[in-house]
Structure formats: C-alpha cells, structure tokens
Amino acid sequence: KWERTCLFGIYLGSMRRTLDSTLRHVQEREQFGTAIGGFQAVSHRVVDMLARYETARLMLYRAARGIDTGSEDRIGPALAKLVVSEAAVQLGLDAIQLRGALGILDGEAESLLRDALPARIFSGTNEIQKNNIARELGLGERRRARRR
C-alpha cells in the first residue's frame, strides 16, 4: 500500500508543472492572429488535462489519508496507482500534442511522458492493479461447484 501511494506523489508535481507550462504556451502561441488557447479543440484538451490531474491528485490524497489513519483499504492505493500513472501518460501526450514538434524536443512534456510510461509497469502493472481491485470487489473468484 505504502509504495503504491507514496511513489506516485512525484508524478503530481510533474503533471502540475507540465499543465502550467502548457497553459502558458497555449496562451502565448498564436496562429491565424489569435492565441491557440482560444480554439475550442485546444481549450477542451487543456480542460481535460486539468480534470485528469485533479482526479489523480484526489485519488492519491485519498490513498495517503487511508495510510495515515491506518485503514486496511486495498482498493484506494491500487486505484491511485492506476489513475495517477494513466493520467501522467495522457497528460504528457496531450502536452506534446499542443506543443507540436517542440513538445518532443525539450521541456516538461517530453520529460513527463518519458518518466510516466514506466509507471504503468513498476509497483505492479496497471493490469495487475485491476486484477487486485476486482478481487477486492469479489470479482473473478471461482465458485466451488455444488455437489448433490
């Protein structure tokens, strides 16, 4: 529990820095005489990035609170690991998309994506986390055949 919760806090900082620099970029970068942040497709992508970040942050804080209070909850830390790692990857991809070629070459977006991809694997792959969560929910257990 502790590992899956505490290790992923670093991604929140990286995601926030990337979100902030992306917001500055779309406010400053102009296309057709207007900041690209004014285009609906761009602004919606930034809103999705913010929603992903906030969801990941709240899930991680919830898992950390559970550890702090001595909770035996196994779902919270597994969900936090799953949500944070997937959010970090998608936020990195979105930031790169909004920056174009500059997103690949340098900056927070490239670093976030490079660092976030392995997070879907270490500390138990995201597929294993889904198995763990399903098991805690009572799913996937084999039932014994009834004998008469």
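**View 1. Methionine 15 and the residues it touches.** Leaving aside residues up to four places away in sequence, methionine 15 is in contact (heavy atoms within 4.5 Å) with Arg52, Tyr53, Ala56, Val84, Ala87, Ala88, Leu91 and Leu112. Please keep in mind that this is a predicted model, where local features need pLDDT of at least 70, side-chain atom pairs count only at pLDDT 80 or more, and totals for chains, interfaces and linings use all residues. Residues are numbered from 1 along each chain as its sequence is written, and side-chain values use heavy atoms, without hydrogens or water.

**View 2. The largest nonpolar core.** A nonpolar core is a set of buried Ala, Val, Leu, Ile, Met, Phe, Trp, Tyr and Cys residues joined through side-chain atoms within 4.5 Å; buried means under 20% relative accessible area, exposed over 50% and partly exposed in between, with a 1.4 Å probe and protein chains only. The largest one has 29 residues, and Tyr11 and Met15 have the most contacts inside it. Two or more residues come from each of helix 2 (9-28), helix 3, helix 4 (75-99) and helix 6 (108-116). Helices are DSSP runs of H or I with at least four residues, numbered from the N terminus. Helix 4 gives the most, nine residues.

**View 3. A stacked pair of rings.** Phenylalanine 8 and phenylalanine 122 are stacked, 5.5 Å centre to centre with 25 degrees between the planes. Rings of Phe, Tyr and Trp (its six-membered ring) pair if their centres lie within 6.5 Å, and planes under 30 degrees apart count as stacked. Phenylalanine 8 is buried at 0% relative accessible area, whereas phenylalanine 122, at 30%, is partly exposed.

Definitions and conventions: Phe/Tyr/Trp six-rings, centres within 6.5 Å; stacked < 30°, edge-to-face > 60°.
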